[in-house]
Amino acid sequence: MKKKFAVVGYGGMGSWHVGHAQKSDVLELAGIYDIDENKRTLATERGIYAYSSLDELIGDKSVELVTVAIPNDVHLETVTRLLRGGKNVICEKPVALSSEDLEEMIKASKESGKLFTVHQNRRWDIDYLAMQQLADSGEIGKPIRVESRIHGSRGIPSDWRCHKQYGGGMILDWGVHLIDQLMLIYKNEKIATINCVITNITTDEVDDGFYLTITFESGAVAFCEVGTYNFIALPRFYMKAEKGSALITDWREKTKVAKCKYWHENDVLPVQTAAGLTKTMAPRDSVTLDEYELEIPKSDVHNFYRNVVKAIDGEEAQLVTHDQVRLVLKIMEQAFKSAELGQTIKFEY
Ligand code: NAD
């Protein structure tokens, strides 16, 4: 049976959740609540019930599940009120602005016995899934270095995201997704150090981009970069692994794989560079290298909500766990610390 569902915050992402629920096979939309009366009127005009207050929503006992899609600085209060009011809660990312806030949410979830999870929807992106499945399959061996980049050229949005007090900036906005993905690709590795450099090209108040290097105890490296002032974009994903390399140029492109068949080569044909010949940097030929493309993975983002509903009913474990979101938040906190100190820092779990 479908779960009665409501959304708090009827802005950009809240509207997405509403639209998603209207098509869902596991949710039945009960309504929305937004602090802004104009948003409530807009919802009503669209035929969606608008609760007049959070208390009215909490008082509607038919609603079992609520998604919170409001600016980052106000997640804590709304999430804890809903959990303590008996609702299962999905919070938008980034879940909180500090580990202390997250622990309060987890405490409210444990004490109320209600499910609490985070909308890490980019786990269903096909570019990430292709990299994660390639790493898991061992087809080109263990990843030595994975680089994950997103490059835009319009600066950061001019809404609350450009203000520190609301939890703005690109580490919290996009970094949270890229770090979450990388930690699932490298799920068995222990982090040794963190190095982060942030950029302030278009605004000083928050980071408008960053370069983050996570070095694992094994020596493997996860790197991610967000840029909002890149008029030529670098590829979305690059993986250097024990037996080959992989590249995804754009969000929905196929993965190009180059797998080393034989390490040893007999006759290397040098390439001509401006300053002379090089064999070291000459490309390999098909005798020693296998080059091919991977099929695009199948993905359905509705599976996030399907999992949440099954987890509420005790039929599945929740996919986005407290431990995972705790780790991503710690990485972001220590990324800010590293950037502030201008140093690589030892990671504290
Ligand atoms: P937005 O500014 O478009 O909408 C926020 C809405 O929340 C507004 O309508 C505002 O009136 C309302 N609001 C503010 N405080 C409130 C409160 N205390 N109670 C009720 N309503 C309140 O912002 P957005 O882009 O929708 O972002 C909302 C959240 O969703 C953020 O946490 C953001 O990081 C996240 N988000 C996630 C994704 C994703 O892909 N997972 C994408 C975009 C945004």
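**Entry 1: Thr78**

I began with the surroundings of Thr78 in this predicted model, and, leaving aside residues up to four places away in sequence, I found that Thr78 touches Val8, Leu54, Val68 and Ile70. I then looked up where this threonine sits, and it belongs to helix α4, which covers residues 75-84. Is Thr78 buried or exposed? Its relative accessibility is 10%, and since buried means under 20%, I noted Thr78 as buried.

**Entry 2: Leu65**

Next I turned to Leu65, which lies in strand β3, made of residues 65-68.

**Entry 3: the open sheet**

I then followed the strands of a sheet, and I recorded 9 strands in the order β15-β12-β11-β10-β6-β9-β8-β7-β16, forming an open sheet with mixed pairing. Which strands stand at the edges? They are β15 (289-293) and β16 (345-346), and because each has a single partner strand, one side of each is left without a neighbour in the sheet.

I reminded myself that strands of a sheet pair through backbone hydrogen bonds, either parallel or antiparallel. Within this sheet, I saw that strand β6 (residues 143-151) pairs with strand β10 (residues 237-241) in the antiparallel sense over 5 bridges, and that Glu147 has Tyr238 in β10 as its bridge partner. Towards β9, in contrast, β6 runs parallel and is joined by 7 bridges, with Ser148 standing opposite Cys224 in β9.

**Entry 4: strand β9**

I stayed with β9, residues 221-227, and asked how many of its residues are buried. The count is 7 of the 7, so I wrote that this strand is largely enclosed by the rest of the structure. In a regular strand the side chains alternate between the two faces of the sheet. For β9 I found Val221, Phe223, Glu225 and Gly227 pointing one way and Ala222, Cys224 and Val226 the other way, all of them buried.

I also checked strand β8 (residues 209-216), which runs antiparallel to β9 and is joined to it by 6 bridges, and there Tyr211 has Glu225 in β9 as its bridge partner. β8 and β9 form a hairpin with 4 residues between them, and in the turn Gly219 has a positive phi of about 100 degrees.

**Entry 5: the whole chain**

Last, I stepped back to the chain, where I counted 9 helices and 16 strands. Its radius of gyration is 23 Å, close to the 20 Å that the globule rule gives for 349 residues, so I noted the chain as being as compact as a globular protein of that length. The C-alpha atoms fill a box of roughly 75 × 45 × 40 Å along the principal axes.

I noted that buried residues make up 48% of the 349, and that, of the contacts with a separation of 6 or more, 68% involve residues 24 or more positions apart. The chain exposes about 17,300 Å², of which carbon and sulfur atoms supply 50%. For the charges, I wrote down 42 positive and 51 negative ones, whose mean positions are 3 Å apart.

Methods: Residues are numbered from 1 along each chain as its sequence is written. This is a predicted model: local features need pLDDT of at least 70, side-chain atom pairs count only at pLDDT 80 or more; totals for chains, interfaces and linings use all residues. Side-chain values use heavy atoms; hydrogens and water are left out. Helices (H or I, at least four residues) and strands (E, at least two) are DSSP runs, numbered from the N terminus. The radius of gyration is taken over C-alpha atoms; the globule rule is 2.2 Å times the number of residues to the power 0.38. Buried means under 20% relative accessible area, exposed over 50%, partly exposed in between (1.4 Å probe, protein chains only). Contact means heavy atoms within 4.5 Å. Accessible areas come from the Shrake-Rupley method with a 1.4 Å probe; for residues, only the protein chains shown count as cover. Lys and Arg count as positive and Asp and Glu as negative; His and the chain ends are not counted. The place of a charge is taken as NZ of Lys, CZ of Arg, CG of Asp or CD of Glu. Two strands pair if DSSP finds at least two bridges between them.
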